[in-house]
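Please report on how this chain is put together.

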Amino acid sequence: MRLQLLPSTLSETGNASVQQHLSCFVIDDCLAIDAGSLAIATTSIQKKQIRDVVLTHAHLDHIAGLPLFIDDLFASLEEPIRVHATKEVIENLQRHIFNWEIYPNFSELHNENGAVLKYYQFEIGTEKFIKHLCLKALEVNHKVQTVGFLIADEKSKIAFTSDTAEMDGFWKAINAEKSLAAILIECAFPDELKKLASQSYHLTPTTLKTELENLKSTTCPIYVINIKPMYREKIVKQIEELEIENLRILEVGKIYEW
Ligand SMILES: [Zn+2]
């Protein structure tokens, strides 16, 4: 399985910045988990192949690229963009984004090949097969209903939290797994902002450390995601100071293979 966190901004030199402003993880160039930078950072191959978009929740940094992605590809789509999400997320997209006011309701529109947007609902705790991948939606703990995932292909399985504060159901599911190739977990704010982190249901390095104590086996690499760009340096330093050997930062743009 190949996974890439797409870049979302440019550095001063015009190259992809290391900061994660938006959230969009592409797996095997054909499936997107969240759609933050889907329209702006996908390669031409990814644009051609990604027709399934799985959403963890409807916060803007996770869905921002979806309307533009469908718009950009509108005329060339030979099959619809399939958006997989919980009922609540689908309703929020229909009510607040694809409502003809913020953007067209693409689910009512067709190109010459047919529909351009279709919704597929899933429930927390269930497994879903998309192409060669199996995704199990896991309960996490964010300000709005949000899911993490266990994602597996025939070779390996990884776990992914999306945005979350302290969790319960996620760890139960993770600890029931025999072997994981990697765990991706969020850490949005530095310790100084623990009140803001708690109000917005995110982790800090200290709460991340406490969360990781729920893991029965900690041998696989654990990658930190969703670091707020404004506090990146501070958070990275505080994560290093935790001195957890298999804990590292997931690099924006890098292709990971498991
Ligand atoms: Zn969020």
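The buried residues of helix H4 pack against helix H1 (38–41), strand E4 (52–54), helix H3 (60–63), strand E5 (81–85), helix H5 (87–97) and strand E8 (117–121). H4 itself spans residues 65–73, and Gly-65, Leu-66, Pro-67, Phe-69 and Ile-70 are its buried residues. Buried means 20 or more other C-beta atoms within 10 Å of the residue's own; exposed means 12 or fewer; partly exposed lies in between; C-beta atoms are placed from the backbone. Helices (H or I, at least four residues) and strands (E, at least two) are DSSP runs, numbered from the N terminus. Packing rests on contacts, that is, pairs of C-beta atoms, placed from the backbone, within 7 Å.

The model is predicted: local features need pLDDT of at least 70, side-chain atom pairs count only at pLDDT 80 or more, and totals for chains, interfaces and linings use all residues. Residues are numbered from 1 along each chain as its sequence is written.

**Helix H5**

H5 buries Val-89, Ile-90 and Leu-93. Seen down the H5 axis, these residues fall within an arc of 100°, so they line one face of the helix. The arc is that of the directions from the helix axis to the C-beta atoms. Lys-87 and Arg-95 are exposed on the other side of H5. The cover over the buried residues of H5 includes H3, E5 and E8.

**Two sheets**

Strands of a sheet pair through backbone hydrogen bonds, either parallel or antiparallel. Here two strands count as paired if DSSP finds at least two bridges between them.

| Strand pair | Sense | Bridges | Facing residues |
|---|---|---|---|
| E1 (residues 2–5) and E16 | antiparallel | three | Leu-3 and Tyr-256 |
| E4 and E5 | parallel | three | Val-54 and His-84 |
| E5 and E8 | parallel | five | Arg-82 and Lys-118 |
| E12 (residues 157–160) and E13 (residues 182–186) | parallel | three | Ala-159 and Ile-183 |

**The core**

Which residues have the most contacts inside the largest nonpolar core? They are Ala-32, Ala-35, Val-53, Leu-55, Phe-149, Leu-184 and Val-224, in a core of 71 residues. Strand E11 (residues 147–152) gives the most to this core, with five residues. A nonpolar core is a set of buried Ala, Val, Leu, Ile, Met, Phe, Trp, Tyr and Cys residues joined through C-beta atoms within 7 Å.

Take Val-224. Not counting residues up to four places away in sequence, Val-224 touches Ile-185, Cys-187, Ile-239, Leu-247, Ile-249 and Leu-250.

**A loop residue**

Ala-16 lies in the loop between E1 and strand E2 (25–27). Ala-16 is partly exposed, with 16 other C-beta atoms within 10 Å. Beyond its neighbours within four places in sequence, Ala-16 is in contact with Pro-7, Leu-10, Val-252 and Gly-253. Ala-16 and Phe-189 are 173 residues apart in sequence and 22 Å apart in space, C-alpha to C-alpha.

**Overall**

The protein has nine helices and 16 strands. Of its 258 residues, 41% are buried. Among contacts between residues at least 6 apart in sequence, 59% join residues at least 24 apart. The C-alpha atoms fill a box of roughly 55 × 45 × 30 Å, taken along the principal axes. The radius of gyration is 18 Å, which agrees with the value near 18 Å for a compact globule of 258 residues. That radius is taken over C-alpha atoms, and the globule rule is 2.2 Å times the number of residues to the power 0.38.

Definitions and conventions. Two residues are in contact if their C-beta atoms, placed from the backbone, lie within 7 Å.
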